[in-house]
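Here's a quick briefing on strand pairing and charged side-chain contacts. Have the viewer open as you read.

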Amino acid sequence: LDLLTNQLTEGTSGERARTSREIADEVARIGATLSADANSDYTVIAASALTAFAGDVLGLMADVTLRPSFPESELALARRNTIEGL
């Protein structure tokens, strides 16, 4: 569950497709935070930013929530990291 939830911010698909790097750069550009977390009872996608950037950060939240791409390269890296962590 955590593995897939953590992948939400690793890329988006659709009209405004973004890579993990593009998402991170946009979050940094507006001085925001964006995270995803889950457990067996719930999933939380959270963000914070100055009011002036509310539209930007809400757009990012919508993209990662509604249009995650789950890039194979990022999933493979997460799998390897999880196995090494065990």
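Strands β3 (residues 33-38) and β4 (residues 43-48) run antiparallel, with six bridges joining them. Keep in mind that this is a predicted model.

**The β3/β4 pairing**
- To get from β3 to β4, the chain takes a hairpin of four residues.

- Arg18 and Asp63 make a salt bridge through their side chains, at 2.3 Å from N to O.
- That pair ties together distant parts of the chain, with Arg18 sitting in strand β2 (residues 18-19) and Asp63 in helix α3 (residues 54-66), 45 residues apart.
- Both Arg18 and Asp63 are buried.
- Asp63 also has a salt bridge with Arg67, where the closest N and O atoms are 2.7 Å apart.
- Shared partners put Arg18, Asp63 and Arg67 into one salt-bridge network.
- Asp63 counts as buried because its relative accessible area is 6%, under the 20% cut-off.
- Arg67, at 33% relative accessible area, is partly exposed.

**Arg29 and Asp56**
- Arg29 and Asp56 form a salt bridge too, with 3.7 Å from N to O.
- Here again distant parts of the chain are linked: Arg29 belongs to helix α2 (residues 20-29) and Asp56 to helix α3, 27 residues apart.
- Arg29 is exposed at 51% relative accessible area, while Asp56 is partly exposed at 32%.

Note on methods:
Residues are numbered from 1 along each chain as its sequence is written. This is a predicted model: local features need pLDDT of at least 70, side-chain atom pairs count only at pLDDT 80 or more; totals for chains, interfaces and linings use all residues. Side-chain values use heavy atoms; hydrogens and water are left out. Two strands pair if DSSP finds at least two bridges between them. Helices (H or I, at least four residues) and strands (E, at least two) are DSSP runs, numbered from the N terminus. A salt bridge is a side-chain nitrogen of Lys or Arg within 4 Å of a carboxyl oxygen of Asp or Glu. Buried means under 20% relative accessible area, exposed over 50%, partly exposed in between (1.4 Å probe, protein chains only).
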